[in-house]
Amino acid sequence: MIPKSEYEVNLEDSKRIGYQAALLSQFFAKNSKQFSNQGVTFIAINQQKPAVVLDKYSQGIDVDSRRGYRTSGGRALKFYAIVRIRLNARKKEKAYVKNPLTGKPEVVPVSTTIKAETVKNKIWYPFRSGEFVIRFGEGIDNVRSVIDLAIANGVIQKSGSWFEYASAVSEENNFRVQGNEILRTEVMEKSLIFEIQEKLISQSSAVIKASAADISDAKIVVEEFDDDEYEEEA
């Protein structure tokens, strides 16, 4: 989002600091209630940058996050957001791909694993995290998500780089392969694995509702903040 005053003038003439932060603050103040009334889901994608602010509270760490990073555009987006998710690249997977010009195999990246962590959540428990795979040229790899669940639930047995699936219903779906890419191709051809995982997910993903009887004072952990620290973060 580029402020009008910066868009219409030369870069040398734009001297004011905080134009973008002021623009975001006014935008959310005017439109946040309309989003709620009209049933609109607003998704904002932002950058995270290393913290460079030094003060007596953070000691070199960003005051807002306490994790050594900060986001641009001021604090309006953090304040108005219902859910904030931090995405970090964990690892990249590479594979040998034949070059169509030279005919020789080359090592190229094919996917990257992303860790998602909710750093703010007003509708569910915060600070939950999970991982998913983004495949270059395709997007989020749902097949890999099914594979990870199948391995976690014991549907697919993993031993080193080998993967094995033994069906009690039909031996036609059995396989034993080596490598993630070959496993991915094999699972895409086995619709039975998807059906098994769908049942497991539906059984384990029921919404947890805590009643008064489930919560006692002995189970509640109180975390206290210093007055100066709370006032600065607020």
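Two strands are taken to pair if DSSP finds at least two bridges between them, and strands themselves are DSSP runs (E) of at least two residues, numbered from the N terminus. In this sense Lys 120 in S4 is the bridge partner of Arg 84. The model described here is predicted, so that local features need pLDDT of at least 70 and side-chain atom pairs count only at pLDDT 80 or more, while totals for chains, interfaces and linings use all residues. Residues are numbered from 1 along each chain as its sequence is written, and side-chain values use heavy atoms, with hydrogens and water left out.

An open sheet is formed by four strands in the order S3-S4-S5-S6, with antiparallel pairing. Strand S3 (83–98) and strand S6 (139–140) are at the edges with a single partner strand each, so one side of each has no neighbour in the sheet. S3 and S4 run antiparallel and are joined by 15 bridges.

Lys 120 belongs to strand S4 (residues 105–121), and it counts as buried (under 20% relative accessible area, 1.4 Å probe, protein chains only) because its relative accessibility is 19%. Leaving aside residues up to four places away in sequence, Lys 120 touches Lys 78, Phe 79, Ala 81, Ile 82, Val 83 and Arg 84, where contact means heavy atoms within 4.5 Å.

| Backbone oxygen | Distance from the Lys 120 side chain |
|---|---|
| Phe 79 | 3.1 Å |
| Ala 81 | 2.9 Å |

Ile 123 lies in the loop between S4 and strand S5 (129–135). With 64% relative accessibility, Ile 123 counts as exposed, the cut-off for that class being over 50%.

Strand S7 (residues 157–159) pairs with S8 in the antiparallel sense over three bridges, and Gln 157 stands opposite Glu 164 in S8. The hairpin of S7 and S8 has two residues between the strands, and in it Gly 160 takes a positive phi near 70 degrees. Strand S8 (residues 162–165) has Phe 163 and Tyr 165 on a covered face, whereas Trp 162 and Glu 164 make up an uncovered one. S8 also pairs with strand S9 (residues 175–178) in the antiparallel sense, over four bridges, and there Tyr 165 has Phe 175 in S9 as its bridge partner.

Key: A polar contact is a pair of N or O atoms within 3.5 Å; within protein, one must be able to donate a hydrogen and the other to accept it, and residues adjacent in sequence count only if both atoms are side-chain atoms.
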